[in-house]
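Please look over the chain below with attention to its helices, its aromatic rings and its overall build. The briefing that accompanies the chain is arranged by topic.

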Amino acid sequence: MTLFLARCLAVLALTLLLASMAVFAVLELLPGNAAQLMLGATATPEALAALESRLGLNQPAATRYAHWALGLLQGRTGISHFYDTPSSELIAERLAVSLPLAVIAMAITTVVALGVGVYAASRHRRLGDVGVMAVSQLGLSIPNFWLAILLILLFAVKLQWVGAGGFPGWREEDGGGLGPGLAALLLPAIALAAVQAAILARVTRSAVLEALGEDYVRTARAKGLSRRAVLWRHVLRNAMIPVLTVMGLQFANLLTGTIVVENVFVLPGIGRLVFQAIANRDLPLVRDVVMLLAAAVVLVNFVVDLLYALVDPRLRAPA
């Protein structure tokens with residue numbers, strides 16, 4: 001297990017290094033710079049040069065990359081050109097919305113997809129299986145922003161059970177609180193979870209069907225275990241490898257791909273922050289946000305690899 005963990009950590013570190021180089025290089029290729037955007041087209045060359053010097057834009061790219069990378073290793077982020085605030089403060093403020101949203105959406109996805117997927121596999125080629133496959137196909141075909149609009153029209157406009165958008169905050173002194181905050185994230189989470197649950201339900205069904213054909217299932221049934229016990233205690237665990245793979249990718253996608261739904265519900269999340277930073281040509285903030293999202297994807301994959309080893313001990317054995 002120690003060797004397996006060391007290999008995973010080495011891959012994690014190398015991937016983060018390559019990701020940081022790619023993020024920095026891609027953003028360097030963008031035309032223009034923040035100084036030009038901040039001063040406007042009428043700025044004099046002297047004023048432009050002075051601002052570029054103050055922002056560090058006149059330094060070589062290698063020097064700026066080294067300063068940025070070393071700062072991240074030491075826990076320091078850049079200063080936003082547009083907000084004149086450390087990127088870490090802006091990111092932490094927006095993650096307080098995006099992270100709970102992703103967790104709630106993933107929880108809905110997991111509960112619905114695992115239950116529905118196992119149910120469909122246990123009713124293979126019967127009415128229940130056909131119904132689940134039809135509903136999941138419908139879920140795959142509905143864009144989450146369109147579903148978000150429908151949810152707003154139904155629950156906010158017609159039924160008036162919740163607000164149409166916005167986020168009240170997590171603190172009661174600001175007019176929000178835990179209850180109002182969770183209520184504001186419920187509809188966006190459902191809109192995000194619909195497509196993800198449809199995908200995961202299909203993967204779960206296929207994995208469970210494959211596991212049901214194994215010899216240990218017949219042995220467990222011959223020993224007197226009920227069909228339900230075999231499904232949930234034996235089959236599902238052995239079918240979890242492909243399911244965990246998809247769940248890891250989905251959670252990373254929920255963290256990084258919520259910009260459309262956040263804009264529909266006017267949520268001050270990380271997606272809107274990076275969108276605004278790109279529009280303002282705020283490269284330090286863009287770099288830090290994109291690097292954070294890349295690191296989140298890598299870390300989620302790292303956790304999934306560890307879960308593989310817990311689910312299937314054979315993966316911990318040295319090659």
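This is a predicted model: local features need pLDDT of at least 70, side-chain atom pairs count only at pLDDT 80 or more; totals for chains, interfaces and linings use all residues.

Residues are numbered from 1 along each chain as its sequence is written, and side-chain values use heavy atoms, with hydrogens and water left out.

**Whole chain**

- The chain holds 14 helices and zero strands, where helices (H or I, at least four residues) and strands (E, at least two) are DSSP runs numbered from the N terminus.
- The C-alpha trace spans about 85 × 60 × 35 Å along its principal axes.
- Of the 319 residues, 40% count as buried, a term that means under 20% relative accessible area, with exposed meaning over 50% and partly exposed in between (1.4 Å probe, protein chains only).
- Among the contacts with a separation of 6 or more, 72% come from residues 24 or more positions apart, contact meaning heavy atoms within 4.5 Å.

**Helices α7 and α8**

- The axes of helix α7 (residues 144–158) and helix α8 (residues 178–212) come within 9 Å and cross at roughly 145°; axes are lines fitted to C-alpha atoms, for helices over the stretch in contact, and angles run from 0 to 180 degrees between N-to-C directions.
- On the α7 side, N144, L147, A148, L151 and F155 meet L187, I190, A191, L192 and A194 of α8.
- By class, this contact of α7 with α8 has nine nonpolar residues, one polar and no charged, where Ala, Val, Leu, Ile, Met, Phe, Trp, Tyr, Cys and Pro count as nonpolar, Asp, Glu, Lys and Arg as charged, and the others, Gly among them, as polar.

**Aromatic contacts**

- The count comes to five aromatic pairs, the rule being that rings of Phe, Tyr and Trp (its six-membered ring) pair if their centres lie within 6.5 Å, with planes under 30 degrees apart counted as stacked, over 60 as edge-to-face and the rest as tilted.
- One of them is the edge-to-face pair of F24 and Y65, at 5.5 Å centre to centre with 70° between the planes.
- This pair links distant parts of the chain, with F24 in helix α1 (residues 2–28) and Y65 in helix α4 (residues 61–73), 41 residues apart.
- F24 is buried, because its relative accessible area is 5%, and Y65 also counts as buried, at 18% relative accessibility.
- F24, Y65 and W68 form one aromatic cluster.
- The charged end of R287 sits over the ring of W68, 5.8 Å from its centre, a term that requires NZ of Lys or CZ of Arg within 6 Å of the ring centre and within 35 degrees of the ring normal.
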